[in-house]
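Reader: I'm new to this one. Could you walk me slowly through a single part of it, the place where two chains meet?

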Amino acid sequence: MIENLELLIDVCLLFFLLLIVFVAIKTTNLFVATMLFGIFSFVTALLFLDLDAVDVAFTEAAVGAGFTTVLMLSALRLTGAFENVKHRHSILGLFIVVLTGAALIYGVADFPNMGDANAPVHVHVASEYIQLTQEKIDIPNVVTAVLASFRGYDTFGETVVIFSAGVAVLLLLGMGHVEPKHEPEKNLVLWVVVKPFIALILIFGLYVQFHGDFGAGGGFQAGVIFASGFILYSLVFGESYARKVVPSSILPRFAALGVLIYGLTGLVSLLSDKTFLDYSALSSNPVSGQHMGILLVESGVGLAVFSTVLLIFYSFSGVNHNE
Amino acid sequence: MMINSMLSDICLLLGGIFTLTGAIGLLRLPDFYSRLHAASVTESLAAPLLIIGVMLDTGFTLDSAKLILIIVVMVIVNPTITHALCRAAAHGGITPKMQSESTQKNKLQTETEFSSKEPK
Amino acid sequence: MNELLGHVNYWIVIFLMMMGLYMVIASSNLIKKLIGISVFQASVFILYITFGKITEGSPPIITDNADVYSNPLPHVLILTAIVVGVATTSVGLALIVRIQEAYGSMDEDDIHDMNDNDDFNIKSRSKI
Amino acid sequence: MIAAAIVALLITLALTLIRAFLGPNIYDQILAVNSFGTKTVLLIVVGGHALGWFSYVDIALMYALVNFVGTLAVMRFFEQYKPQGEEK
């Protein structure tokens, strides 16, 4: 019964995705295409939840549905053109796409069935990760353990990638300045309603940050949620007020500080004769050392992601980059 | 315990019916403002019913507190969004169907539209 | 029947992927191309997560009342890939904004036309 | 009964999606998109309870908040875009 329901939800959501993308291809209005991409992310996140990937669903909902939509909309405002997009019907393109698709479907025929417990993916390292997490790290969330400890080097690289994306956007667009005509209209109802919600979002962000060891969550998600609290403030009260709350000059420093916290945690273990990012060096008890290391590293990631996301939002909300 | 699960079933059933009604209204009603009404049926009636149905079934845990928080968020957020959207539409020059012409002619118009405009 | 249901996820993911690819090829607007790339990316994410799923398994969070867990490794890879994906998307959007400022258009065909036209080249260079 | 509620929610999602595609003007589409988000939250709560998804309540709460931020962003940028379009 439960498996049938899971499968029903899975297939329905996949068909929704196909429909959404089909309409997004057809539409000539970029605004509509962006909104449809927002729902696309929502449905994808729901699908991840249905496929048992709780943490991924969390990330996709916060990052894909929340931040990407806001980002694309502010880019559309900067470019100022969103209607009557030309669409060319490319026969050659269609031919290539159909050919590639047919080849891929032919290749997929050999794949093991979905949910098969004996598939090659599951017989290798996966069970080791689950066992070692219980033995060496002793936190319930295996994803956080693998992310921050077993594959900590990998995650360090990804944090640096995010940081450099922030730097690249800053180089391309700069912070700009806020033009008065871009300020939002006064809307008393929104002002009153939004204020408590900002507090709620910020507290929820902290909860996600520090609850990541036990349930779904972690630094990546928490950073984006925390930033979306400030983004909400700036959407309702205006960018110039938001820049008074969090000055744009401190954001690059915070982002660098986040990456630095991550790197220094690794350096400490290197100095005490262990390998880079081996957290058991942080305390006399290896298990509590792991706990401490994961906490430090996750806060570094959270800080870096928060400041980079807000930095990118500020860059896209300013105008006049040429001068 | 028995009563709890029965109540939960009733809440879930009612919630399901109201969501469906709201969605059919969203699809079939003739103009933007009436569709706004249909959408708010789901958001302020069906949502609490469904969540209360789930709450009754789980019993009182920490999750119940979060579920109450979700109800509060939804009950505050959705009317706000509806208000802001309605205001934006009014500023954007969307007029309700009934005001545009004389009432009688309009009645006929909407009726014909209802019969001719089948959802695809 | 079992074979069909076991593979339906893969097929739909491939359809999605190809629709994203077609969007990149067929639309000349740069923002729509970027949306196409994101759709392509999302379909790869779904494929990975589908690999990690085990029927009757529970999410990889250790609890007392579960003994089969889904594979945590694809989850870790995709979690970071999503955040990196949004970072690269933002760089792409920033590039599009600059292109729009320099050329006054986000349409690929228009930009090619302008590049072929010498007058514009001189004007735009002096502007930048 | 909970299975019936899930099926009802899935049908609702499909109907809302059709309105989002058809919507004669942009406001209808914004309304449908926001409504879709709300129904997703409901599906997470009901489905999470029925299928035993882990910590579904946290995710549902976050969806509700993200949906709010997203819809506000859509309306804000759409309202501001309009006067520029009329100038042209």
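**Where chain D meets chain A**

Author: Across the interface of chain D and chain A, the rule finds one salt bridge, meaning a side-chain nitrogen of Lys or Arg within 4 Å of a carboxyl oxygen of Asp or Glu. The partners are Arg76(D) and Glu239(A), with N to O at 3.1 Å. Before going on: this is a predicted model, where local features need pLDDT of at least 70 and side-chain atom pairs pLDDT 80 or more, while totals for chains, interfaces and linings use all residues. Residues count from 1 along each chain as its sequence is written, chains are lettered from A in the order written, and side-chain values use heavy atoms, leaving out hydrogens and water.

On the chain D side, α1 (2-22), α2 and α3 (56-87) each supply at least two of the residues touching chain A; helices here are DSSP runs of H or I, at least four residues, numbered from the N terminus. The largest share, 20 residues, comes from α3(D). By type, that side splits into 32 nonpolar, six polar and four charged residues (Ala, Val, Leu, Ile, Met, Phe, Trp, Tyr, Cys and Pro are nonpolar; Asp, Glu, Lys and Arg charged; the others, Gly among them, polar).

In total, 42 residues of chain D and 59 residues of chain A take part in the contact, which is heavy atoms within 4.5 Å. About 4700 Å² is buried between them, 82% of it from carbon and sulfur atoms; that's accessible area (1.4 Å probe) lost on being put together, summed over both parts. In chain D, Trp53(D), Arg76(D) and Phe77(D) lose the most area to chain A, together 14% of what that side buries.

Note on methods
Buried area is the accessible area (1.4 Å probe) that two parts lose on being put together, summed over both.
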